[in-house]
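Below are my notes on the structure, as numbered points. Please read them with the model open.

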Amino acid sequence: MPVVMDAARMARTIARIAHEIVERNRGLEDLALVGVRTRGVPIARRISKAVEEIAGTAVPVGSLDITLYRDDLMRHTVGPQPVVRRTDIPFSIDDRRILLVDDVLYTGRTVRAALDALIDFGRPRGIQLVVLVDRGHRELPIKPDYVGKNLPTAPHESVQVRLVETDGIDEVALEGGDA
Amino acid sequence: MTTQAAAALHGKHLLGIADLTAGEILLILDTADAMKEVAARPIKKVPALRGKTIVNLFYEPSTRTRTSFEVAEKRLSADTLNIAVSTSSVVKGETLVDTALNLEAMAPDMIVMRHASSGACHLLARVCKSRIINAGDGMHEHPTQALLDAYTIRERKGRLAGLKVAIVGDLLHSRVLRSNLLLLGKLGADVWVCAPPTLVPADIDRFGVTATHRIDEAVAGADVVMMLRIQLERMQGNFFPSLREYFAVFGLTPERAALAKSDVIIMHPGPMNRGVEIASEVADGPYSVILDQVANGVAVRMAVLYLLSGGAEGEES
């Protein structure tokens, strides 16, 4: 179970993403971060804090639960429904530039669902995608704008992002390899 | 997609609160919390039940429950079919089972049913492959009403355990009462019931509640006062001398409501008989959450529809 990113490295990665966001988006007033539940939300909060330290502008943070938009929801008639959690976007997304934040980018299906969900909230000026880890194996034409770490993986492996807020520790581990 | 923790209702159907565990009740309330947010969006619709067909089969008049289910179904993108008994083949003599089997031939995924006979939903669940949701069966249960009542109480009070809940009115004919007693018991509320002796069910003791014939005693220090409608249409015989006398002795007046805790909430499942079980000043007063109950009903029904649309435990596809 190799740890591919430890706490110090994660902090530097989030700081670097924040710098890139400030660099690429001239004027931060109309920016907003939307984290995909569960772990996208604390990452979005950390990025917001880092951006504020760099540029002095507070970027609002919302949280998005994509469960009701999943494309596998009605296909699997066997097995229980996934738990739905609350979506909380405390600002209008109309005409804002939205930074969609998730922990791991894999098939792209979660991002597809998140885009559909976001569009139901209004018409943003643009949506950019921020991920802590891109592990490859895309099944949809989706590309991230900000990547913490590109991590080549095999399909049978699993990438576990753990955060202090949700798991008590900051690390990214690659699991299920040659065990 | 990332896998998420999954939790489920163990049954295929929602026939009554009697079949649910406390954990399942809380799962429904938590899911309803997420569903409530959908109503605040500019586009009040999510694609979760796209392609599912739901039949609303109502053998008794209903405004609130039927429209609430229909709104919930539409917000989840299900296709809905409303069958009201007055326009169906039932008036030509078709039996309940035949009607259900004919509907089932059109392959609905769920049937939401209200019926005047207790246990009608259980009969349907035995003969149908669709999931059955009980929207009220005779004098037996009305589970989604009790769930939305619990949701409303929890929303206002943060919990149900340990609260004094007074339920006053026509206890005998009330399926809302039975579902509520089962639910409040499972979640640990301190329940008082109050009615004239003629309107108290004989088996009230088995619910572990305190029964009284004095409304002042029931309401005193209550966190929640739930008024039940006098169901004249179900009454065969004289249960009390007159509606005026009933109101004088058992009606919730502002003076009686003042005996409860200062932050009491007043509930009524509707439809209200103003001036019979509840005074207009109380129904429209600041502690009334009667319209919150209606709004929450949609979120709770969305939660039930969503949770039941998954597979049940041990079920083959």
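1. Contact here means heavy atoms within 4.5 Å. Helices (H or I, at least four residues) and strands (E, at least two) are DSSP runs, numbered from the N terminus. Axes are lines fitted to C-alpha atoms, for helices over the stretch in contact, and angles run from 0 to 180 degrees between N-to-C directions.

2. This is a predicted model, in which local features need pLDDT of at least 70 and side-chain atom pairs count only at pLDDT 80 or more, while totals for chains, interfaces and linings use all residues; side-chain values use heavy atoms, with hydrogens and water left out. Residues are numbered from 1 along each chain as its sequence is written, and chains are lettered from A and ligands numbered from 1 in the order in which they are written.

3. Two strands pair if DSSP finds at least two bridges between them. Gln160(A) stands opposite Ala173(A) in E8(A).

4. Chain A also has an open sheet of 5 strands, in the order E3-E2-E4-E5-E6, with parallel pairing. Its edges are strand E3 (61–64) and strand E6 (146–150) of chain A; each has a single partner strand, so one side of each is left without a neighbour in the sheet. Strand E2 (residues 31–36) of chain A is joined to E3(A) by 4 bridges, and the two run parallel. Val36(A) has Leu64(A) as its bridge partner in E3(A). Helix H3 (residues 109–119) of chain A packs on the sheet and touches E2, E3, strand E4 (97–105) and strand E5 (126–134) of chain A; the direction of H3(A) makes about 155° with that of E4(A).

5. Which residues have the most contacts inside the largest nonpolar core? They are Leu64(A), Ile167(B) and Leu252(B), in a core of 119 residues. A nonpolar core is a set of buried Ala, Val, Leu, Ile, Met, Phe, Trp, Tyr and Cys residues joined through side-chain atoms within 4.5 Å. Buried means under 20% relative accessible area, exposed over 50%, and partly exposed in between (1.4 Å probe, protein chains only). Helix H11 (residues 290–308) of chain B gives the most to this core, with 11 residues. Not counting residues up to four places away in sequence, Ile167(B) touches residues including Leu177(B), Leu181(B), Trp192(B) and Met226(B). Another core, of 29 residues, lies apart from the largest one; Ala18(A), Ile47(A), Val133(A) and Val161(A) are among its members. In soluble globular proteins, nonpolar side chains tend to be buried together.

6. In chain B, strand E3 (residues 110–115) is joined to E4(B) by 5 bridges, and the two run parallel. His115(B) stands opposite Asp137(B) in E4(B). Strand E4 (residues 131–137) of chain B is mostly covered, with 7 of its 7 residues buried.

7. There are 2 aromatic pairs over all chains. Rings of Phe, Tyr and Trp (its six-membered ring) pair if their centres lie within 6.5 Å; planes under 30 degrees apart count as stacked, over 60 as edge-to-face and the rest as tilted. Phe240(B) and Tyr246(B) form a tilted pair, 5.0 Å centre to centre with 40° between the planes. Tyr246(B) and Phe250(B) form a stacked pair, at 5.5 Å and 25°. Tyr246(B) and Phe250(B) both lie in helix H8 (residues 243–250) of chain B, 4 residues apart, about one turn of the helix. Tyr246(B) is buried at 1% relative accessibility, and Phe250(B) is buried at 7%.
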